[in-house]
Amino acid sequence: FGVLETDTARGKVTLRLNSCAGDVFHVAEVPMAGGAFPSHLHLCSVAPHLPMYLAGPREFLVFQVRDLLEYAVQLLEERRYDEAICLANGAGQGIQGLRDIVCLKCLTPDVKEGNFQRACNTLERFRVLEASTWQEIIVLFDRYGGLHHV
């Protein structure tokens with residue numbers, strides 16, 4: 001679900017995307033039209049991978065937040081694993097492959113270095129993983145001699 005926050009002093013509106021448990025997994029600034037009053041806007045549609053709609057008495061605003069899969073890959077490249085895991089857990093059900101990619105990208109460096117316990121600790125942080133992801137995890141650990149840790 002999404003929550004709109006208004007900073008009337010600066011005239012900015014932000015949209016927080018939350019998981020069903022209420023955890024924030026993404027924050028985006030809403031592009032405001034010149035005459036729109038943030039306090040009068042209502043969020044009509046929330047889906048991180050689709051256009052979203054804000055409606056007001058005299059305004060109708062359509063916008064789309066940054067592609068979350070692309071954003072997750074950027075976080076991983078910057079080694080911001082905690083944020084990437086939070087994003088994957090929050091938006092993972094709605095975006096095909098997001099959780100799989102983030103999980104494997106987070107585990108691979110530790111498994112390659114033989115740091116199996118750390119990789120297992122990271123693995124425990126993911127909420128729900130697909131069977132195909134588990135298969136890839138098993139192959140990854142087995143390839144580097146750490147299958148008994150899984």
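A disulfide is defined here as a pair of cysteine sulfur atoms within 2.5 Å. In the present predicted model, a search of the whole structure under this criterion returns zero disulfides. The case of Cys-103 illustrates the result: the closest cysteine sulfur to that of Cys-103 belongs to Cys-106 and lies 7.2 Å away, which is too far for a bond. Cys-106 likewise takes part in no disulfide, the sulfur of Cys-103 being the nearest cysteine sulfur to its own, at 7.2 Å.

The solvent accessibility of the two cysteines was also computed. Cys-103 is buried, with a relative accessible area of 0%. Cys-106 has a relative accessibility of 5% and therefore also counts as buried, since the cut-off for this class is under 20%.

Attention is next given to the loop between helix H4 (116-123) and helix H5 (131-143), in which Arg-127 is found. Arg-127 is partly exposed, its relative accessible area amounting to 48%. Val-128 is located in the loop between H4 and H5 as well, and its relative accessibility of 49% places it in the partly exposed class.

Arg-127 and Ile-85 are 42 residues apart along the chain, and their C-alpha atoms are separated by 9.6 Å. For Val-128 and Asn-89, a sequence separation of 39 residues corresponds to a C-alpha to C-alpha distance of 7.9 Å.

Technical notes
Residues are numbered from 1 along each chain as its sequence is written. This is a predicted model: local features need pLDDT of at least 70, side-chain atom pairs count only at pLDDT 80 or more; totals for chains, interfaces and linings use all residues. Side-chain values use heavy atoms; hydrogens and water are left out. Helices (H or I, at least four residues) and strands (E, at least two) are DSSP runs, numbered from the N terminus. Buried means under 20% relative accessible area, exposed over 50%, partly exposed in between (1.4 Å probe, protein chains only).
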